[in-house]
Amino acid sequence: MRISIPHMGNLYIPLKALFQRLDVEFIVPPLTNQRTLSLGVRYSPEGLCIPFKLTLGNLIEVAELGAETLLMPSGYGTCRLGYYARTQEQVLHDLGYDIEMIQLGVSEQKFFGLLKIIKRLSNGASWFDIISAFRFGMRKLNALDRMEKLVQKVRAVETEKGTANRLYDEVISAIDEADSDKVLEMVEEDYSIRLDQVPRDSQDRPLIVGIVGEFYVLLEPFSNFDVERELGKLGVEVRRTTFISEWIKFSLFLNPLGIKEKDRIHKAALPYLKRDIGGDGWESIGEKVLHNKEYDGLVHLAPFTCLPEIMAQNIMPTTRENIPVLTILCDEQTSKTGMLTRLEAFVDLLERKRRGSKCDRKMVAI
Ligand code: SF4
């Protein structure tokens, strides 16, 4: 059985490790690129959001490579995510691919539901092997996220721009190749030291920008025009609370730390929005309120036509907590050049604000 899953950041690395340990062939989708987008746009029903289009493009590409069993995250939320898997399965069948789509409804099934799916996919591997493979995958995922957090800090202050990105690309490959806990530990230690030693401007007090918005576009760099690396080039330190490892702990295990953080975010949003509106709209508002003293500004990533984020975009200007927000609508019609121009203008605005100059504009939207 050859299985695969669409890209979402570095998620393919722990999944590949997990399935390799269970002797299941896992096909890594080609890196999301212009062709992926074109395929997704061509075969998506009209008006769907960019996560649907890009994941559909990934699924078509892996079906071309021979994947027969496709995993697709799903959920019972109030947005379109709940229809993704069925609609995409239908599109793939219409295109002539004989695939089986398995929905990963982690919100409903939690940890044991996921383990049961893995057991089925691994032709009944022993529970011991499944749990040990799962733990190894989780270790890789945690290592990847820890490295990314370090890189977000170094990018902003490195004297030679691009050094942190180069090290990050290297460490991603090294973590991907690590075949034991010991090697994984050594890789993480080695790259933590190397990142720590990157020459930096010690006087620099970088601007801090929070990245909030819809889950997929936060995590998939192609969909957000690599906004974090671009901000790093402009000397901005990026803070993001959404990481797959933390989301998995929260969604699968109801980890107490995860709950606490989510609870804080939801509580902060309450004066402006009383309930979940699907997707991550509630969290976008909550994060603006919660972190307004720590961040100089916010970049709000919203897929075009995403109702939860449209609601968040409209509520955010009304909050008393007043930090500038740049909303970037992510879609195949958005051009990276246009996004960069606005990003530069936004950073310029934040710098002037920090220097104390008056600034009337609170919200900017692309
Ligand atoms: S949250 Fe928005 S972008 Fe994400 S699936 Fe739902 S509607 Fe689409």
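How many nonpolar, polar and charged residues does the shell around the ligand have? Seven are nonpolar, one is polar and two are charged. Here Ala, Val, Leu, Ile, Met, Phe, Trp, Tyr, Cys and Pro count as nonpolar, Asp, Glu, Lys and Arg as charged, and the others, Gly among them, as polar.

A note for every view: this is a predicted model, with local features needing pLDDT of at least 70, side-chain atom pairs counting only at pLDDT 80 or more, and totals for chains, interfaces and linings using all residues. Residues are numbered from 1 along each chain as its sequence is written, and side-chain values use heavy atoms, with hydrogens and water left out.

View A. C49, P51, C79, R80, L81, Y84, E214, G279, P303 and C306 surround the ligand (a heavy atom within 4 Å of it). Domain 1 (2-125) and domain 3 (206-366) each give at least three residues to this shell; the bounds come from an automatic or database domain assignment.

**View B. Where domain 1 touches domain 2.** Seven residues from domain 1 and nine from domain 2 make the contact (heavy atoms within 4.5 Å). Together the two domains bury about 660 Å², 61% of it on carbon and sulfur atoms (accessible area, 1.4 Å probe, lost on being put together, summed over both). On the domain 1 side, N10, I13 and P14 lose the most area, together 63% of what that side buries.

**View C. The salt bridge between domain 1 and domain 2.** The count here is one (a side-chain nitrogen of Lys or Arg within 4 Å of a carboxyl oxygen of Asp or Glu). K16 and D176 pair up through their side chains at 3.2 Å, N to O.
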